[in-house]
Each structure stands twice: as structure tokens, then as C-alpha cells.
Amino acid sequence: MPDYQKIESAVIHGGIYGDKTTGAVNVPVYLTSTYEQSGLGQNSGWEYSRTGNPTRAALEALIAELERGKAGFAFASGMAAVTCVLQLFRSGDRVLISSNVYGGTYRVLDKVFLQFGLSYAIADTTDLAAFEAAFTPDVKAVLIETPANPLLTVTDLDTVSSIAKLHGALTIVDNTFMTPYLQRPIEHGADIVVHSATKYLGGHSDLVAGLAVVNDDSLAERLAFLQNATGGVLDPFDSFLLLRGIKTLAVRMDRHVGNAEQTASWLMRNAAVKRIYYPGLPRAQGYELNRKQAKNGGAMISFELDEGYDIRRFFSSLKLIALAESLGGVESLVCHPASMTHASIPCEVRRRVGITDGLIRLSVGIENWRDLRDDLEQAIKESKVK
Ligand SMILES: *Cc1c(COP(=O)(O)O)cnc(C)c1O
């Protein structure tokens with residue numbers, strides 16, 4: 001076990017570091033499906049790569065350590081991680097979700113799990129009285145994101161997880177937007193953390209992956225069983241790429257956040273901007289709460305332009321910032337939640353929770369900030385309706 005304490009070192013040296021056989025400082029990519037057994041009933045601890053693979057195991061140990069949990073699990077996508085975690089529950093159970101969860105999470109509950117009798121209810125987790133009132137005896141889990149996608153609303157992790165516990169429900173936190181570098185939900189009472197590692201953890205928009213971390217041994221055993229039984233595992237090469245991405249998580253996040261803070265204050269001062277959502281701004285909903293449970297406001301910003309601006313023209317005028325789904329890569333990306341990431345949420349639900357047709361979501365990358373500002377400035381100018 002290397003001697004380190006801080007997360008900046010743990011992202012590099014944590015989990016299963018290097019290779020004991022050769023001294024290689026990187027975990028090798030074990031491109032193998034199976035492992036030779038020396039005799040009947042005798043194996044080296046590895047049997048078959050759906051069940052376990054050394055490259056994936058290094059990643060799983062690393063994410064468990066970074067999130068301060070008991071065990072980690074790597075999946076072929078964020079949705080495979082969410083799906084596997086939801087399979088911990090059974091027909092007749094209900095999951096409470098916060099009002100703006102990732103569209104795909106809503107979709108898998110509404111279109112897949114509901115068919116098998118696992119139901120869901122939507123609760124405003126920023127209004128603790130409303131949240132508490134949403135508990136029915138069948139609620140077995142609470143699934144939240146904070147800051148939530150795409151309005152960056154902040155939920156009190158300590159309070160929500162202790163209310164859930166009182167009702168005998170598990171707390172599941174999707175920590176994709178913050179990463180363990182900025183926020184560690186298990187330290188605030190969460191039982192399970194899930195990630196779309198496609199985003200900041202991978203960090204380079206070159207892979208699709210999901211992770212889950214649990215805080216107790218019995219959950220670890222059940223999730224290991226489900227991961228092997230259902231088989232949506234991450235392959236060795238993407239496990240390697242993700243280990244490689246995580247090594248620079250701390251330096252990337254510092255730059256992402258620095259750029260986001262500058263962008264948010266620039267947007268706030270811009271007369272063309274009608275509304276801005278960024279939990280790092282002192283005026284934002286949940287600013288104080290976010291400071292209590294996270295290192296800072298992260299690097300996702302949502303905003304609306306004033307009526308005199310055409311957002312179609314805004315999107316098509318951007319030159320450096322690409323219009324694309326996803327977030328958390330080194331390059332800045334912009335998206336239109338109503339027609340892209342949140343299109344699977346019915347229009348009336350979207351409107352009720354504030355995801356308007358004019359909402360723009362920006363994933364601030366690590367480019368030079370002045371280049372980002374110049375691109376936003378020229379696109380805003382171009383989009384002004386004459
Ligand atoms: C992207 C995303 C997911 C889904 O992850 P995939 O890797 O795309 O399957 C889940 N939750 C959040 C918050 C996301 O941004």
C-alpha cells in the first residue's frame with residue numbers, strides 16, 4: 001500500500017497500483033477472457049473475465065477508495081451501472097427520484113423497470129417537507145443527483161440520506177457532475193454512488209463507462225452477484241483508459257472549475273443572459289449548502305438568453321464550443337437539454353421542473369478561458385434578432 005493521504009495522490013496511486021510481476025508502473029491491459037486452472041477446483045483467483053479481470057479490478061479498487069466506499073464495480077456505461085443498482089430492488093418496491101435526474105435514468109425507470117413492477121415517484125428533494133411527504137411504505141430507495149442535471153439544483157445529502165434511513169430506504173447518489181474530487185456522497189450518508197465515468201472521470205470524450213460504489217459488505221456481495229449475473233461489465237481496454245483518465249482528475253477539475261467560475265461571472269454580467277444556473281455563484285439556489293458538502297460549484301453551467309436572441313442561431317454560430325450530448329471532457333461542449341439530454345422526459349414534466357425550450361447547458365472545458373469567452377461573445381452577438 002503506497003503511503004499517501006490526499007486525493008490528488010490517491011487518483012494516481014490508489015486502488016491496485018502498478019504490476020507486481022514486472023514492476024510496470026501502469027496496470028497492464030489483461031486482454032483475456034479466461035484463465036488457466038492448475039487442477040480441478042484450483043484457480044489463481046481469476047476464472048472468467050465477466051466475473052473478474054485484473055485491469056477492471058484495479059479500476060474498481062481505485063473508485064472504491066476515491067469515494068471512500070467498501071467496493072467498486074465497473075460497467076459498460078453509466079446506464080448499465082444505474083440499471084444494475086436498480087436490480088437490487090424487486091417488484092412492489094418504489095424508488096423516489098429527484099425532479100431533475102438524468103433523462104436516461106428516468107427512461108429506464110419509466111419504460112423498463114415499471115414493466116417489472118418496480119415503480120418510481122418524483123420528489124422535489126430541495127424541499128425537505130415535500131420530500132418527506134413523498135415517502136410511502138413501499139419506498140426502498142432514493143436516487144438523487146446534486147447538483148442535478150440540467151438546472152444544477154443542490155440537494156442536502158446529509159438530510160436526505162438521514163430521512164431515507166429513517167424510512168428504511170437506501171440513498172443512491174449519481175455523482176457524475178462532481179466526481180469524488182469535488183464531492184464524496186458516502187461521507188454524507190449515501191449507501192451507493194453511481195457514475196457515468198464517460199464524463200469527468202474518463203475526461204477525454206473517448207470512452208463510455210459506468211461505475212458504482214457501495215458502502216457496506218452485504219451490498220457489495222449483492223452487487224457483485226448482479227454484475228456477474230447480468231454481465232454489463234467494462235472491458236479491459238476501456239478500464240485501462242479510465243484508470244489513465246482518473247490519474248489527471250485533480251488537475252483537470254481545478255482547471256475546469258476555474259474556467260467555469262470565470263464563465264459564470266461573465267455570463268451573469270452579460271445583458272443578453274436572462275437567467276443563469278451555477279451553484280458556484282453566491283446568489284444561486286443552494287450555494288451555501290453546496291459549499292458545505294462539495295469543494296466548489298463544479299464546471300457545469302446552464303443559462304437562458306433573453307427574448308431578443310435566437311438560440312438556434314446561437315448554437316450554429318459557436319465555432320470552438322461544439323454542440324453535442326455529453327459533458328466533462330477536456331473540450332467545452334454545449335447542449336440543448338429540451339431536445340437532447342432530456343428529450344425522453346415528457347414535455348409537461350420538463351416544463352414543470354423548469355427545463356424550458358430556451359435552456360442552454362454548457363460543459364466548460366479546460367481550454368484558455370479567453371478563447372471560450374470570445375466564442376460565447378461572438379455567438380451571442382450573431383444570435384441577436386435584428
Ligand atoms: C451521462 C449520464 C448518465 C448516463 O451515463 P452513460 O455513460 O451515458 O450511460 C447518467 N447520469 C448522469 C448524470 C449523466 O450525465
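This is a predicted model: local features need pLDDT of at least 70, side-chain atom pairs count only at pLDDT 80 or more; totals for chains, interfaces and linings use all residues.
User: Why is Thr-155 called buried?

Analyst: Buried means under 20% relative accessible area, exposed over 50%, and partly exposed in between, using a 1.4 Å probe on protein chains only. Thr-155 comes out at 2%, so it counts as buried. Residues are numbered from 1 along each chain as its sequence is written, and side-chain values use heavy atoms, with hydrogens and water left out.

User: And what makes Gly-78 buried?

Analyst: Its relative accessible area is 10%, and the cut-off is under 20%, so Gly-78 is buried too.

User: Which residues is Gly-78 in contact with, leaving aside its neighbours within four places in sequence?

Analyst: They are His-195, Ser-196, Ala-209 and Gly-210. Contact here means heavy atoms within 4.5 Å.

User: Why do Lys-292 and Asp-156 count as a salt bridge?

Analyst: A salt bridge is a side-chain nitrogen of Lys or Arg within 4 Å of a carboxyl oxygen of Asp or Glu. For Lys-292 and Asp-156 the closest N and O atoms are 3.9 Å apart, so the pair qualifies.

User: How much area do domain 1 and domain 2 bury between them?

Analyst: About 3300 Å², with 61% of it on carbon and sulfur atoms. That is the accessible area (1.4 Å probe) the two parts lose on being put together, summed over both. The domains are 7-247 and 250-383, with bounds from an automatic or database domain assignment.
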